Amino acid sequence: MLKELVQNEAPLQVVGTINAYTAMMAEKVGFQALYLSGAGVANASYGVPDLALTTLDNVCEDVRRITSVTSLPLLVDADTGWGGPLMVARSIREIGRAGAAGVHLEDQIMEKRCGHRPNKKVISKEDMVVRLHAALDGRVDESFAIMARTDAVAVEGLEAGIERAIAYQEAGADFIFAEALHTLEDFKSFTSALEVPVLANITEFGQTPLFTVNELSSAGVKMVLYPLSAFRAMNAAALNVYEAILSEGTQSGVVDTMQTRKELYSFLNYEQAEERLDHLLSKGEQL
């Protein structure tokens with residue numbers, strides 16, 4: 001389903017969701033593909049920095065929660081695969097079983113960092129090819145997408161990053177994730193050199209400018225990712241409410257910034273569920 005969407009959209013916007021409820025909202029407003037960020041799992045679900053502190057099981061739990069409430073394809077951040085080749089293969093199987101449509105694997109060392117932070121280190125091109133073959137070996141369904149992310153541009157330069165991307169394509173990657181590029185020309189260099197679709201990570205406060213969909217489309221990009229945009233906005237809103245309650249002794253001054261009970265219930269189909277509950281309870285009353 002994810003592969004088909006990439007072929008039909010120009011380009012496909014993939015929006016980050018950190019939990020089941022935000023996935024429901026994203027689907028209802030019209031997005032066609034969702035994303036679960038490794039940083040989102042670490043930060044939102046476990047309150048830790050994105051420094052390889054979460055496990056496969058941690059990620060699969062959030063995947064299951066999201067895929068249980070939406071039929072949209074979910075792309076999952078699998079970081080470095082949580083181990084050697086056999087563990088990478090197992091990770092792919094388990095994430096697929098949890099309901100995801102695909103993953104991306106990166107070429108950083110196991111002690112990975114955020115892709116837009118300094119001091120990143122990458123494994124060799126050859127070791128990443130092994131990582132990708134392990135992922136392909138673990139794939140049960142051919143429609144499950146394997147995306148190869150390269151962080152090498154920041155470490156080795158643009159040409160080395162493109163060389164790696166070509167090798168990852170040849171190894172069987174369905175898509176390429178070119179991390180932390182700086183210009184549209186950088187993206188154009190990748191898309192011109194590759195036959196598989198390229199994803200642009202348009203994350204706020206990072207190394208990549210906030211290019212528009214049209215600008216990225218002109219550079220040949222087929223997928224645009226917004227990994228934590230809603231999460232950052234939610235955090236700012238929550239902090240504002242906490243500070244207001246503490247300082248003012250009431251939330252009345254910030255109520256107009258909140259989602260209403262009616263809006264919440266609308267996304268959750270609360271009233272329909274309540275009616276079903278009443279109907280089932282009434283069966284006992286009829287005895």
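Trainee: Where in the structure is E271 placed?

Mentor: E271 belongs to helix 13, which spans residues 270–285. Helices (DSSP runs of H or I, at least four residues) and strands (runs of E, at least two) are numbered from the N terminus. This is a predicted model, in which local features need pLDDT of at least 70, side-chain atom pairs count only at pLDDT 80 or more, and totals for chains, interfaces and linings use all residues. Residues are numbered from 1 along each chain as its sequence is written, and side-chain values use heavy atoms, with hydrogens and water left out.

Trainee: Why does E271 count as exposed?

Mentor: Exposed means over 50% relative accessible area, buried under 20%, and partly exposed in between (1.4 Å probe, protein chains only). E271 has 52% relative accessibility and therefore counts as exposed.

Trainee: How many disulfides does the structure hold?

Mentor: The count is 0, where a disulfide is a pair of cysteine sulfur atoms within 2.5 Å.

Trainee: How do you know whether C60 is buried or exposed?

Mentor: The relative accessible area of C60 is 3%, so this cysteine is buried. C114, at 32%, is partly exposed.

Trainee: Why is the contact of E106 and R149 called a salt bridge?

Mentor: The term requires a side-chain nitrogen of Lys or Arg within 4 Å of a carboxyl oxygen of Asp or Glu. For E106 and R149 the N to O distance is 3.6 Å, so the pair meets the rule. The pair links distant parts of the chain, 43 residues apart: E106 is in strand 4 (residues 102–106) and R149 in strand 5 (residues 145–150). E106 is buried at 0% relative accessible area, and R149 is buried at 4%.

Trainee: What makes K120 and D151 a salt bridge?

Mentor: Their closest N and O atoms are 2.9 Å apart. This pair, too, links distant parts of the chain, with K120 in the loop between strand 4 and helix 6 (125–138) and D151, 31 residues away, in the loop between strand 5 and helix 7 (152–156). K120 is buried at 8% relative accessibility, and D151 is buried at 0%. D151 also forms a salt bridge with R149, the closest N and O atoms being 2.8 Å apart.

Trainee: Which residues are linked in a network of salt bridges?

Mentor: The network links D50, D79, E106, K112, K120, R149, D151 and E179. The structure's count by the same rule comes to 18 salt bridges.
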